[in-house]
Amino acid sequence: MEEKDVYTEDGTVDIHKNPANKKKTGNWKACRFILGNECCERLAYYGMGTNLVNYLESRLNQGNATAANNVTNWSGTCYITPLIGAFLADAYLGRYWTIATFVFIYVSGMTLLTLSASVPGLKPGNCNGDTCHPNSGQTAVFFVALYMIALGTGGIKPCVSSFGADQFDENDEGEKLKKSSFFNWFYFSINVGALVAATVLVWIQMNVGWGWGFGVPTVAMVIAVVFFFLGSRYYRLQRPGGSPLTRIFQVIVAAFRKVSVNVPEDKSLLFETADDESNITGSRKLEHTDNLIFFDKAAVESHSDSIKEGEVNPWRLCSVTQVEELKSIITLLPVWASGIVFATVYSQMNTMFVLQGNTMDQHMGKNFEIPSASLSLFDTVSVLFWTPVYDQFIVPFARKFTRQERGFTQLQRMGIGLVISIFAMITAGVLEVVRLDYVKAHNAYDDKKIPMSIFWQIPQYLLVGCAEVFTFIGQLEFFYDQAPDAMRSLCSALSLTTVALGNYLSTVLVTVVMKLTKKNGKPGWIPDNLNRGHLDYFFYLLAALSFLNFLVYLWISKRYKYKKAIGRAH
């Protein structure tokens with residue numbers, strides 16, 4: 001049997017740093033532990049985050065706008081910290097050891113959060129009914145715990161999806177096809193955890209208590225850690241390729257040093273390593289592309305290059321692959337930026353949708369009331385429905401017409417989701433118009449709830465969930481696939497920052513909207529009493545921004561060129 005039939009060809013190793021055996025490591029036998037870990041970790045994250053806006057209002061005594069902004073700021077931070085974890089993974093630790101390190105910070109944060117909601121002295125005091133008046137120390141402990149979780153998740157989010165995809169050999173056509181399916185089931189497992197969080201855990205928080213409501217997610221996180229380490233002997237590990245930022249700056253410096261040098265017409269004259277393997281650990285070579293030709297100057301050999309004993313000074317001369325790494329990152333940025341507005345739409349589920357639901361009739365039957373935050377379960381149900389439908393039915397059907405292996409290109413898939421998100425915001429806006437019409441007709445401006453079922457919110461949640469299946473999963477796959485091999489964690493983190501910036505954009509929009517619409521004694525679009533506001537205008541504003549964003553996305557996607565990797569990693 002040939003060596004290539006025994007060992008992987010993508011440079012991966014096992015937990016003992018030996019070449020990864022195809023039959024004993026990786027594939028779905030390793031992914032079941034990764035998917036189990038992700039399911040439990042997301043249950044913990046969403047179990048704590050889904051209903052956070054209500055905790056801030058009832059226990060920390062914050063108003064609608066303040067609570068919504070605190071949630072989006074924290075959520076945004078959870079998607080910025082992955083840049084830290086990604087850098088450590090790609091440069092020094094590798095994805096496995098980065099996850100293994102940061103899970104303990106995560107568990108510590110969850111534990112402190114549970115204590116802050118259940119231990120006398122730490123939990124908010126001076127409670128009067130549903131409203132508490134915490135002191136500054138209690139508030140500080142809560143936010144320290146919250147941002148410890150944000151740091152902990154920063155080491156997991158950018159690594160776990162890429163780590164799962166690493167279990168399939170890029171150079172094996174059979175395994176390569178399974179990799180595309182992995183991203184669908186990865187997102188499916190996320191939403192199984194989210195479903196339990198949005199139903200069982202939100203109910204516990206609203207009816208049993210916040211101590212139990214945060215305690216159960218903490219236990220789920222511990223189970224996630226156990227799942228992850230149980231699969232260690234089956235994992236394939238990509239070796240870290242050294243600091244990606246250093247390689248990027250080397251290309252920039254080398255190009256500017258040769259600013260007056262002309263790039264040869266024959267691109268085969270540009271510097272590249274002679275053998276099949278790239279000189280970057282864990283990376284294949286990249287074919288030369290004709291865009292951003294200024295940076296090709298870094299690969300032009302000249303007399304000023306410092307070469308000693310066969311070694312090249314990388315600050316003066318860079319390989320074509322190293323130059324193409326930088327080009328790949330730059331060409332990803334416009335696609336990345338187009339995901340920010342979509343993430344702003346997505347963030348409304350944990351803020352404006354919940355606040356809108358708080359004003360509606362939450363009864364299911366005579367005696368049971370469903371918490372407004374639990375309506376996000378319909379987003380989750382939508383994802384759980386559309387993910388297998390997309391994987392098993394839409395892809396094979398679309399393949400007949402598009403002749404694409406994946407049914408749609410990754411950019412087409414993401415674009416479909418952007419269109420669906422526009423309709424989600426229009427639907428939310430129409431519902432708010434109907435709700436406000438009832439308030440006006442019955443002079444119900446000071447009523448806390450109006451007799452209009454909260455289940456009228458279901459369509460907007462279902463549409464957001466459907467959009468996620470196209471855009472977020474497409475984004476996961478796109479940024480993994482188009483990233484240079486030795487920068488995959490960093491590019492996964494880059495894709496996650498769209499969610500962070502989407503949350504921050506939501507915060508900015510709310511702040512600006514309130515400042516502009518609260519003049520001359522008016523309550524503004526999003527006052528504490530939504531019956532006197534115009535939340536519908538805010539939803540329509542997001543729909544308009546989403547439409548403009550889609551037009552820009554079409555222009556970007558038509559000009560994007562997919563990367564081409566050659567050779568094998570070492």
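**View 1. Asp-361 has Ser-453 of strand β7 as its bridge partner.** Strands β4 (residues 360-361) and β7 pair in the parallel sense over two bridges; pairing requires at least two DSSP bridges between two strands. Strands are DSSP runs of E with at least two residues, helices are runs of H or I with at least four, and both are numbered from the N terminus. The model is predicted: local features need pLDDT of at least 70 and side-chain atom pairs pLDDT 80 or more, whereas totals for chains, interfaces and linings use all residues. Residues are numbered from 1 along each chain as its sequence is written, and side-chain values use heavy atoms, with hydrogens and water left out. In β7 (residues 450-453), Ile-450 and Met-452 form the covered face, while Pro-451 and Ser-453 form the uncovered one. In a regular strand, side chains alternate between the two faces of the sheet.

**View 2. Helix α8 covers residues 173-207.** Gly-209, which follows α8, has a positive phi near 150 degrees.

**View 3. Ala-543 lies in helix α18 (residues 535-559).** Ala-543 has a relative accessible area of 8% and is therefore buried (buried is under 20%, exposed over 50%, partly exposed in between; 1.4 Å probe, protein chains only). Not counting residues up to four places away in sequence, Ala-543 touches Ile-422, Met-425 and Ile-426, with contact meaning heavy atoms within 4.5 Å. Ala-543 and Met-425 are 118 residues apart in sequence, yet 5.3 Å apart C-alpha to C-alpha.

**View 4. Cys-31 is buried at 0% relative accessible area.** The closest cysteine sulfur to that of Cys-31 belongs to Cys-39, at 15 Å, so a bond is ruled out by distance. With a disulfide defined as two cysteine sulfur atoms within 2.5 Å, the count is zero.

**View 5. Phe-294 and Phe-295 form an edge-to-face aromatic pair.** Their ring centres are 5.5 Å apart, with 75 degrees between the planes. Rings of Phe, Tyr and Trp (its six-membered ring) pair with centres within 6.5 Å; planes under 30 degrees apart are stacked, over 60 edge-to-face and the rest tilted. Phe-294 is partly exposed at 28%, whereas Phe-295 is buried at 14%.

Key
The expected span of a helix is 1.5 Å times one less than its number of residues.
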